[in-house]
Amino acid sequence: MNIVIKKKRAFKGLSLPENKITAKKPIEILPVPDKVVIPLQQSLGAPCQFIVEKGDVVKTGQKIADSQSYVTAPIHASISGKVTRVIKVVNPVTSTMMDSIIIESDGEDNWVELKKLFDIKKSDDFPGLKKIIDSIDRKEIIKKIREAGIVGLGGATFPTHVKLNPPQDKKIDTLILNGCECEPFITSDHRVMLEHGREVLMGLYIISKILSPQNIYIAIENNKEDAIIHMEKLVEEMGLASIFKIIMLESRYPMGAEKTLIKTITGRTVPIGGLPMDVGVIMNNVATSKSVYEAVIEGKPMIDRVVTVTGAIETPKNLLVRLGTTIDHLIDSCGKKESGANYIIIGGPMMGISIVNTDFPVTKGMNCILVRKSRVPVEQNCINCGRCVNICPMKLMPLAYVRYVKGGDFEVCREYYIENCIECGCCSYVCPANIPIVGYIKTGKNQLLKVID
Amino acid sequence: MENDKLLISHAPHIWGGFSTNKIMFIVVFALLFPTAAAIYFFGLYAIYIILTSIATAVLSEFVIKKLRKKRFIMDGSAVVTGLLLALTLPPRIPLWMVVIGAFFAIAVVKEAFGGLGYNIFNPALAGRAFLSVSFPNEMTSWIIPPHFNYDAITGATPLNDNFTYYADKLSLYKDLFFGNRGGSLGETSVMLILIGAAILLVLRIIDWKIPVIYIGVVALGSLLMGKDVLFQVMAGGLMIGAFFMATDYVTSPVTWKGRIIFTVGVGILTVLMRNFSNMPEGVCFSILIMNAFVPLIDKYVRIKPFGFIRKKKNA
């Protein structure tokens with residue numbers, strides 16, 4: 001057996017009602033939509049510029065936006081058709097305006113010619129593939145990853161080619177594949193591991209070729225036992241058992257958060273304001289790993305992803321959707337919302353963002369659409385109970401932020417290391433006074449950013 | 001998709017549901033055990049005191065919230081304050097004094113500072129302190145539990161200087177433990193206080209560190225002063241103070257470090273007051289004095305965040 005069971009964890013954590021109702025539902029391919037809305041900014045870093053104009057005809061997979069800047073990821077057309085409009089949409093996550101284009105489908109889904117390195121039909125032939133991967137130059141792989149527009153699909157949307165190309169002075173000795181998926185409801189990564197485990201592992205192998213770390217861990221929570229067994233079997237089959245180690249972790253929120261997961265697995269502490277690479281670790285999400293495989297071997301750019309549509313809806317599903325499909329369309333394809341379900345959340349229930357406008361499209365970092373019935377929080381006074389301090393995985397004092405943000409003392413928040421907050425939501429979850437602590441923290445962070453500007 | 005009006009709110013969109021109301025309810029439930037002792041030992045009049053105190057507390061909160069034009073929420077905190085205050089009062093105090101004490105606790109100590117969460121001092125203890133300063137005679141007139149009227153116990157509270165006990169030590173401890181002695185309504189039966197406290201500890205309502213350190217410091221202090229440790233720990237209001245008063249969220253520090261500093265301070269003050277002041281008891285005032293330091297402790301005692309690295313000098 002190649003599975004290591006980690007019982008200890010580096011944080012207290014919450015045991016949340018899981019509600020993974022779509023865990024047993026295979027990924028369904030959503031038919032190509034009539035139109036897609038593609039925003040310009042889909043990753044951290046510099047925004048892209050369009051390289052197509054209104055009226056242009058584009059093919060599926062054609063690059064439509066790029067930037068000179070290093071920290072950015074290009075964007076590709078996810079369907080074939082005609083660029084009909086350039087509009088502005090409001091990004092619900094940052095509440096800023098983003099330029100977007102609308103592509104209306106020609107109904108044919110014509111792809112650009114993909115530069116395949118390997119016949120996909122023979123993808124079972126891992127030794128053959130391994131030889132090819134071993135023969136590609138490291139720089140060439142990174143270039144391919146950049147061209148495919150791959151970003152971290154766990155939600156942070158950090159451009160993957162930047163992550164996989166750490167500065168020379170940072171020695172990377174550990175690579176972690178994050179398959180924790182600790183948020184309730186979301187099952188997209190779980191399904192990707194079950195149905196595309198081979199691609200995920202090959203992607204991981206490609207990444208390991210770039211970084212050549214000593215330790216490679218695949219971290220999965222113990223509520224996904226089938227995924228653990230499946231991955232273990234595949235690792236064995238592919239002859240990677242000597243280098244890939246599967247780690248079974250307790251299902252505890254926020255296990256999948258980068259810093260806590262690194263601490264739990266390696267015992268290393270990422271310093272405040274630092275990155276995992278500062279302690280020699282690089283972490284990737286399973287869906288990112290799959291995309292890396294598709295980009296490097298199949299030449300396929302990042303134009304679709306698996307999204308879980310779940311909650312108070314008729315038929316919850318895991319859907320493989322083209323980027324740019326509107327959320328409206330996704331919800332409609334899963335049947336009627338239950339009556340009174342008037343919250344639509346992008347992401348999971350702990351960290352997701354509720355939206356008012358369902359015209360917004362699926363972007364690269366979106367792993368879940370959650371429909372929920374309303375919960376009207378009545379904020380009461382803080383009674384200083386200290387539950388938020390106790391539960392905070394980053395060992396912060398959340399109640400202080402509430403006090404100082406209410407008073408407008410944003411600078412004091414910095415003394416309490418507000419920028420170290422990962423916004424996991426544990427503090428609000430346990431708060432007996434029902435205070436939306438994370439909301440206050442976000443306000444404080446935004447105000448501080450403005451002060452710097 | 002037909003869109004009814006979509007609503008937005010902050011993440012997280014789920015909530016643990018362990019509300020302030022629930023906490024207060026559990027505290028009241030735990031306090032029912034010492035309350036039962038009060039009624040058992042001191043009779044029907046104890047019920048009058050308790051009900052008067054609770055009713056006054058809730059009513060004052062309601063009126064003052066209306067005066068301040070704030071929403072009145074029945075969060076149970078006024079019930080806890082009223083009940084706690086009643087349990088610290090002597091068993092035959094006139095009811096009008098109870099009304100004054102409960103009103104002072106809510107109106108002045110709690111609401112004048114901004115309501116639940118903003119008070120500096122523990123309202124129940126401050127109410128008691130106010131009464132003992134205003135009516136020193138009534139506040140120190142103790143009775144022996146009426147239906148245990150035998151010779152071994154004098155009328156004074158055990159910590160008083162003229163307390164004398166005629167039977168042997170073991171039965172003294174036994175009386176203290178089961179509550180067969182004079183004293184305030186709720187402080188007499190150590191056993192029932194411990195049952196209530198166990199509920200709070202098991203449900204993680206209170207931090208075990210506060211009562212354990214408090215009682216530990218008092219025990220150690222009494223040992224150093226050459227007093228009878230078991231007697232010092234069980235007599236007086238230490239037990240109810242350690243489990244129900246010092247652990248009050250609002251008036252105790254929020255970090256574990258702060259809580260240790262706070263509790264050690266309370267413990268030392270209690271020992272000093274018991275031994276060197278002209279009062280027989282020090283629990284109430286030592287908690288109140290340390291309450292005043294809580295904002296300061298919370299400001300300067302912080303915990304190290306995840307990934308904190310001390311900056312090296314000249315680096």
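In strand S8 of chain A, A:Lys82 is the bridge partner of A:Val57. S5(A) and strand S8 (residues 81-91) of chain A pair in the antiparallel sense over two bridges; strands count as paired if DSSP finds at least two bridges between them. This is a predicted model, in which local features need pLDDT of at least 70 and side-chain atom pairs count only at pLDDT 80 or more, while totals for chains, interfaces and linings use all residues. Residues are numbered from 1 along each chain as its sequence is written, and chains are lettered from A and ligands numbered from 1 in the order in which they are written.

**The sheet around S5(A)**
- Four strands of chain A form an open sheet in the order S3-S9-S8-S5, with antiparallel pairing.
- Strand S3 (35-39) and strand S5 (57-58) of chain A are at the edges and have a single partner strand each, so one side of each has no neighbour in the sheet.
- Strands here are DSSP runs of E with at least two residues, helices are runs of H or I with at least four, and both are numbered from the N terminus.

**Where chain A meets chain B**
- The contact involves 52 residues of chain A and 37 residues of chain B, with two residues in contact if their C-beta atoms, placed from the backbone, lie within 7 Å.
- On chain A, at least two residues each come from helix H9 (327-332), strand S16 (343-346), strand S17 (353-355), helix H13 (426-430) and helix H14 (437-452).
- The side of chain A that touches chain B has 30 nonpolar, 16 polar and six charged residues. Ala, Val, Leu, Ile, Met, Phe, Trp, Tyr, Cys and Pro count as nonpolar, Asp, Glu, Lys and Arg as charged, and the others, Gly among them, as polar.

**Two helices of chain B**
- Helix H1 (residues 20-42) and helix H3 (residues 77-87) of chain B pack at an angle of about 20°, with their axes 10 Å apart. The axes are lines fitted to C-alpha atoms over the stretch in contact, and angles run from 0 to 180 degrees between N-to-C directions.
- H1(B) and H3(B) are therefore roughly parallel to each other, a term for angles under 35 degrees.
- Among the residues that meet are B:Met24, B:Val27 and B:Leu31 in H1(B), and B:Val80, B:Leu83 and B:Leu87 in H3(B).
- This helix contact has 11 nonpolar, two polar and no charged residues.

How values were computed:
Parallel < 35°, antiparallel > 145°, perpendicular 65-115°, else oblique.
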